[in-house]
Amino acid sequence: MASMSVLTRDEAQTRAQLLDVHRYTIDLDLTAGDETFDSLTVIRFTVRAGQDATDTFVELKPAELRTATLDGQPLDPENLVDNRLPLKNLAPGEHELRVDAAMRYSRTGEGMHRFTDPTDGETYLYTQLFMEDVQRVFAAFDQPDLKAVFDLAVTAPEGWTVLANGVTEHLGDGRWKAAPTPLISTYLVAVAAGPWHSVRTEHRGLPFGIHCRRSLAPHLDADADEILDITRACFDRYHEKFEEPYPFDSYDQAFVPEFNAGAMENPGLVTFRDEFVYRSAVTDTERQTRAMVVAHEMAHMWFGDLVTLKWWDDIWLNESFAEYMGYQTLTEATRFTDTWTDFGVARKAWGYDADQRPSTHPVAPEAVDDTASAMVNFDGISYAKGASALRQLVAWLGEKDFLAGINTHFTRHKFANATLADFIDSLAHHTDRDVHAWADSWLRTSGVDTLTAAVGSRPGEWTLDLGHQGSRPHRVTVGVYDRDLSDGRALVLRERYDTDVPQGTGPAARPGARPALVVPNDLDLTYAKIRLDEDSLETALRGLSGLPDGITRAVVWNSLRDMVRDGDLAPADYLATAAAHLPEEKDLAVVQGVLSFATVHITDRFLPADQRPAALATLTDLCRDLIRRTEDGDNPGLRLTAVRHLIDVAARPGTIAAWLSEGTVSGGPELDPELRWRILARLAALGATDEDTIAAELARDPSATGQEGAARCRAALPDAESKRRAWEAMFATDELSNYLFTATAQGFWQPEQADLVREYVPRYYEDAVAVAARRGPAIADAAGRYAFPAHAVDADTLGLGETCLREADPIPALRRKLVDQLDDLARALRVREA
């Protein structure tokens, strides 16, 4: 990777005080070949009055800088150092900068990504310009608080469609012109070009469209009504909540290949990873996840696009709000009314884990010194913890005052930039509560509070004392449950009541006999680890599936999960609880979350190797039980989940090899491409397939997903030559795209193959540092996330990693991933010792 300079906060503040940027006129030529495209940019800007002649710079990462002129005077291309072109002796007043450059296409999802579909040979391009990657596409003053109008033209091959932030018009001869944008930040500019398959409609006078690769057209068409219905419902609900109307001229959603994130909130042109165009059967929970991402990205049109952070310390002002609004609005406006259960199981666990690592940070950190530091903060804290904090704020403040504050914020700062202080001032305008103190305790601190229940009883009443380890105030709902005398396993709700933590003086007394189960945070309205009292824990372990509400069961499962991670509950006891209660579980999100934790964390990491076979057997029996219970076809989502997990935990090839041979699971489902590749990957790990079978499957499914499946299977084959080839593909060459790198990494390490790959564990650190430095943050993230030897839970692996952090100086994206992985490794060692 070419050397580059990251932008510091101080530099951004200095440049923002110096300049007003008015307009970018950008002309991209996408017909120049397979490696580069042409980028001609004109930037009109003003140096503010009162300045002496001064210097600044513009950012650019070209393959070749052909010419640059400032106010008609040529600039020396040799002055471009790293990614900065100096602009010297700028007098107050208006200026025009023209930059003509050739830019490289990306294969890593950064900048202008180029993808050729192996199914039909068609090529697609799209931009992902987040943080610093606009510089890979056109010259820019690249910081969020220098908003401007963007006027874009594109030359594309004949037969292509060009999408952009504004409505595009085809002028003929491959020329496309996009309507100029309102004032937006550089990182939000978007282009997507290719022979897209499009479904177009109108809503409330605006053009809406959804787009995908042609090879995915039948799958998009099958779900088009669902996607557009969700889009319209959320759009209408946001207009009921927000006084500011949708601020752009159209709403396109493009499902694009090899996308690094879930989606990106480009105004008027949201880009999604095209795995959301389902080729194979999915559960309703997965459809809910797609719907939530639609709702999340639409919320960004206001939170992030209309009002944008001033600097990257306020990432949460974008992500936490979109996360909260996405879940809440989906619940209010669509058929997906239980979204907060899925949030509790899947997203909050992400936040809790991140918040207990050395890399934790406040939701709103005060010191984000540069863009590299900011990039690693797009994590479970900025999303899940921040959204949880906002949910707690709404519970504490009331939704009416919360929405009034939001609308004041939009009115004050629309098409401009704002800070945490600005937002808190907008909220404070509508309430007598001390919002500033709330923000200090919730947004400026890190770590997870713990609420510990102590239940006592006296004649005619019982007491609850909520111990509080931590510093934040909490408004929680306490759930009180009795055993159902007519059904020994069922639990019935006696009452729910709200209380504040800290509680004040002494335990709270309630009338009646001591309950069987007391659940603090019963509706999951706050963000804290929960510890049940001893009797309640015993009731939960025996009767968890008897709780009437999915959200309550999610809270209890999260408590058990936290106890395992903290060494307070034996992993085997968690597995036994899962085996006892998942067959009765009605909420699919809970089933998926519990099975995932049981497989990935408990079986593969927390249990010693000699206990792993028994754990796999327990999970296999559980999945078989779920499959038996779904033979009537009433719950296809649960059946699909059980089939997937049975494949993943199979210790012997017999059953799943028979499924693959027959093309179906007995009693259904028939095997679609996702299930076929899933089985083949597990057979590869077990040494029960070979290269010829993988090649035949790839011939059957030559799609991009098939290419990834084949890479995953080949890397999983248990022979030295397959491992050598996979390792060289990841670390010795730079040919793998971001998705093929990830697939290869996912296949490489298998717990069953620990002896075979032992020699690669020490090699990992040196090779990962080198590939991250060469290929940049996206590959660094994949190398740290997927290529890390997570199965090697031992002191030697931990020691090697700590030495790497001390001595090897990995780039920030990899360093953050290694810090997190090593902390998880140390936790797994502690759990094993406990």
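**Notebook: a helix pair, a helix and two side chains**

I started with the pair of helices 18 and 19, where R676, W677 and L680 in helix 18 meet T693, I694, E697, L698 and R700 in helix 19. I took contact to mean heavy atoms within 4.5 Å. Sorted by type, the residues of this contact are 4 nonpolar, 1 polar and 3 charged. For that sorting, Ala, Val, Leu, Ile, Met, Phe, Trp, Tyr, Cys and Pro count as nonpolar, Asp, Glu, Lys and Arg as charged, and the others, Gly among them, as polar.

A note on the source: this is a predicted model, where local features need pLDDT of at least 70 and side-chain atom pairs count only at pLDDT 80 or more, while totals for chains, interfaces and linings use all residues. Residues are numbered from 1 along each chain as its sequence is written, and side-chain values use heavy atoms, with hydrogens and water left out.

Next I looked up the geometry of the pair. The axes of helix 18 (residues 673–685) and helix 19 (residues 691–700) come within 11 Å and cross at roughly 170°. That makes the two helices roughly antiparallel, a label for angles over 145 degrees. Axes here are lines fitted to C-alpha atoms, for helices over the stretch in contact, with angles from 0 to 180 degrees between N-to-C directions. Helices (H or I, at least four residues) and strands (E, at least two) are DSSP runs numbered from the N terminus.

I then turned to helix 12 (residues 550–565). Its 16 residues should span 22 Å at 1.5 Å a residue, and its end C-alpha atoms are 22 Å apart, which agrees. The expected span is 1.5 Å times one less than the number of residues. I found 16 of its 16 residues buried, where buried means under 20% relative accessible area, exposed over 50% and partly exposed in between (1.4 Å probe, protein chains only). After helix 12 comes G567, whose phi is positive, near 80°.

My next stop was D449, in the loop between helix 10 (435–443) and strand 22 (450–458). D449 is buried, at 4% relative accessible area. Its side chain makes a polar contact with the side chain of H474 (2.9 Å); such a contact is a pair of N or O atoms within 3.5 Å, and within protein one must be able to donate a hydrogen and the other to accept it, with residues adjacent in sequence counting only if both atoms are side-chain atoms. A polar atom of the D449 side chain also lies 3.0 Å from the backbone nitrogen of R472.

Last, I checked K177 in strand 13 (residues 175–178). K177 is partly exposed, at 30% relative accessibility. The K177 side chain makes a polar contact with that of D151 (2.4 Å).

Methods. Parallel < 35°, antiparallel > 145°, perpendicular 65-115°, else oblique.
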